[in-house]
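Let us read this model together, one feature at a time.

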Amino acid sequence: MTDQQPSPFERGTDGPKVIVAGVDGSESSLRAASYAGGLARRQNALLAVVYVQPLLPSGAALGAPVADTTEEIAQSLAAEIRANAERVKDIWNVRWEFHTLRGDPYNGLVTAADDLRADAVVVGASESAGHRFIGSVAVRLVKAGRWPVTVVP
C-alpha cells in the first residue's frame, strides 16, 4: 500500500468553458454546430460559432465580387443561427457568439480557438472529394493535437 495524499479540491474547473464550432454552411457543419450547442448547454459553456470567409484570389482575378459574396454568406449563417437559437430558447438556452474571420479555414479555426482559449473544437466531416489529397480541416485539427476535436458526420 502507498500513502496517497488527497488531491486538492478544485472549484469550477471541470468541463469545457468554451467550445468552438466551425461552420461553412454545409449540412455537416450545421449538424456540428447543433451538436456543439448541446454540449455547451449541458456543460454551461460558451458556444463560439466560427465561420472563416475563404480568400479566393482566382475568383477575384475573374472579376467576381468575392469579398461581398463571403460576407453575405457570413451574414446569412449568423441570421440562420440566430433564428434557430430563437426558435429553441424556451426549450433550452445556451450562451453563444458568432465570429467570422477571413483566410484559410484551418488557420482561421486555429486562430479563433487560440484567441478564445477554446477547450474543444467541433467541426463537420468534409463533404469535398478533394480533401482526399490535401487533407480535411478536421483531420488537420486532430493532427494539431491542441484541443479535443469532435468530427460530426
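**Reading the fold, strand by helix**

A: Start with A21, which lies in strand β1. Helices (H or I, at least four residues) and strands (E, at least two) are DSSP runs, numbered from the N terminus. The model is predicted: local features need pLDDT of at least 70, side-chain atom pairs count only at pLDDT 80 or more, and totals for chains, interfaces and linings use all residues. Residues are numbered from 1 along each chain as its sequence is written, and side-chain values use heavy atoms, with hydrogens and water left out.

Q: Is A21 buried or exposed?

A: Buried means under 20% relative accessible area, exposed over 50%, partly exposed in between (1.4 Å probe, protein chains only). A21 has 0% relative accessibility, so it counts as buried.

Q: Which residues does A21 touch?

A: Contact means heavy atoms within 4.5 Å. Leaving out residues up to four places away in sequence, A21 touches A33, A36, L47, A48, V49, V50 and V122.

Q: How does W96 compare as a case to read?

A: W96 sits in strand β3. Its relative accessible area is 25%, so W96 is partly exposed. W96 touches L46, L47, I81, R82 and A85, again not counting residues up to four places away in sequence. From W96 to A45 is 51 residues in sequence and 8.7 Å in space, C-alpha to C-alpha.

Q: What pattern does the chain follow along the sequence?

A: The chain reads β-α-β-α-α-β-α-β-α-α-β. That comes to six helices and five strands. Of the contacts with a separation of 6 or more, 77% join residues 24 or more positions apart.

Q: How do I read a helix pair?

A: Begin with the axes: lines fitted to C-alpha atoms, for helices over the stretch in contact, with angles from 0 to 180 degrees between N-to-C directions. Helix α4 (residues 105-115) and helix α6 (residues 137-144) pack at about 45°, with axes 9 Å apart. That makes α4 oblique to α6. Angles under 35 degrees count as roughly parallel, over 145 as roughly antiparallel, 65 to 115 as roughly perpendicular and the rest as oblique.

Q: Which residues of α4 and α6 meet?

A: From α4 come P105, Y106, L109 and V110; from α6 come V137, R140, L141 and A144. By class, this contact of α4 with α6 has seven nonpolar, no polar and one charged residues. Ala, Val, Leu, Ile, Met, Phe, Trp, Tyr, Cys and Pro count as nonpolar, Asp, Glu, Lys and Arg as charged, and the others, Gly among them, as polar.

Q: Which residues of α4 are buried?

A: An α-helix has 3.6 residues a turn, so residues three or four places apart point the same way. In α4 the buried residues are Y106, G108, L109, V110, A112 and A113. They pack against β1 (18-23), β2 (46-53), β3 (96-102), β4 (120-124) and α6.
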